[in-house]
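Please read it beside the coordinates.

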Amino acid sequence: MSSTAATTRASASVQGVFSSLRVGGLELPNRVGVSPMCMYASADGFATDFHLVHLGRFALGGAGLVIMEATAIDPRGRISHHDTGAWSDEHVPGLERVASFLAAHGAVPGIQLGHAGRRASVNEPWAGGVPLTDQDAAAGTPPWQTVAPSAVPAGPGWPVSHALTLDEIDRSIEQWRDAAARAVAAGFRWIELHGAHGYLLHSFLSPVSNRRDDAFGGDADRRMRYPLAVVQAIRNSIPANVALAYRMSAVDGIADGLTIDDTAAFATHLAAAGVDLIDTSSGGITTDRSVDTRVRRGFAFHADFSHRLREVVDIPVATVGFVVDPAQARLLIQHGDADLVLLGREMLDDPNWALHARRALDADEFAHWNVRYGSALQPRAKTLARLADSGETPLSRFT
Ligand SMILES: Cc1cc2nc3c(=O)[nH]c(=O)nc-3n(C[C@H](O)[C@H](O)[C@H](O)COP(=O)(O)O)c2cc1C
């Protein structure tokens, strides 16, 4: 990293959770974001009222960035039949409703674009997240032919994917670019590419899944070629004030898989190709449950990886994974583990997490709540404080 970048980093590292963050040509109002989470609530890729309300709650809840779930660039790239999509212009109006609500309520509207590659064509997590079968076909959700860099199944018992031809690779790069253009047309200001969890971009990068011997496989430079081509195609076609983020699996956690050294090198290429932020996740390259690939699920379990990536790139880095506590979020930023914290399940538990964190960290008296809520909650807080002083509790009348 250059000395100027190091100086900028040093001053950035003393920023608080609720200071703004510059990401490329975009300014995030604070450093709390909602991590993309598939809801499996869609039919034919269309965003529904469920998405509007589900995501809208996080904007009303004070998150500076709300990233809509992995949204497929190609129907074959859906994880399940119920994923959202951006492979057709017809998807734009539904996406636009979501983006415009998020923006109107103070959050940067973000969307993750994805292609599940050899991990596509499965049922929902609550049904096992396993490949669709003929039985599913009878129930109206048939399996489809998945595509990947090589005809290597994701794990034992998983179907063999079709290995993309060179022409098909060119076509898929266009699909990424077109989906990004639709997301921008819908009003999203943050386009995140799903380059993690064993999905198509990751499966090109990892030697575990990429066994090609042409320009898109072999050594590390050639395995990077497809993801970098996707990044360049999108960066060259979206406005400068739309941030381009890339979620990567920092490690494969498997013998012969990607290590943090490999992905740190890849991150520098991503930054050079025009990525504005690296979002640090891990795992997913195999579905073989007999191999223990998972990073141990402690608090902030990707922070060591995001810390390392921050040391090698000049762009901001996000961390995700069991961030649950406002003081933890503050320390992650102050210790240089991340520039941005993303929360997934914690937000499902408390969509107002960011506002609650702001009260805890900045003693904020409802100034950042939607006025319709804040104007009612502030006098209520005073009453609650008076009752607490007087020793009265909700159970007093029963004692
Ligand atoms: C229901 C659910 C759906 C998810 N869908 C996605 C997704 O669409 N894209 C993605 O990159 N990660 C996805 N993830 C992973 C989360 O974004 C996040 O990285 C992970 O849950 C760890 O963060 P947490 O401990 O704050 O939940 C999903 C996780 C959950 C629980």
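1. α11 gives three residues to the lining of the largest pocket, the largest share. Helices (H or I, at least four residues) and strands (E, at least two) are DSSP runs, numbered from the N terminus.

2. This is a predicted model: local features need pLDDT of at least 70, side-chain atom pairs need 80 or more, and totals for chains, interfaces and linings use all residues. Numbering starts from 1 along each chain as its sequence is written, and side-chain values use heavy atoms, without hydrogens and water.

3. The largest pocket holds about 1,500 Å³ of space. A pocket here is an open set of points on a 1 Å grid over the protein atoms alone, where a 1.4 Å probe fits, with protein on both sides within 12 Å along at least five of seven lines; lining residues have an atom within 4 Å of a point. The volume is the space filled by probe spheres set on the points. Of its 47 lining residues, His197, Tyr199, Ser282, Arg294 and Arg297 are the closest to the centre. Two elements give two or more residues to the lining: β12 (340–343) and α11 (345–349).

4. The lining divides into 21 nonpolar, 17 polar and nine charged residues. Ala, Val, Leu, Ile, Met, Phe, Trp, Tyr, Cys and Pro count as nonpolar, Asp, Glu, Lys and Arg as charged, and the others, Gly among them, as polar.

5. Helices α8 (residues 260–272) and α9 (residues 303–312) have axes that come within 9 Å and cross at roughly 45°. Axes are lines fitted to C-alpha atoms over the stretch in contact, with angles from 0 to 180 degrees between N-to-C directions.

6. Contact (heavy atoms within 4.5 Å) involves Ile260, Asp261, Thr263, Ala264, Ala267 and Thr268 of α8, and Phe305, Arg308, Leu309 and Val312 of α9. These residues divide into six nonpolar, two polar and two charged.
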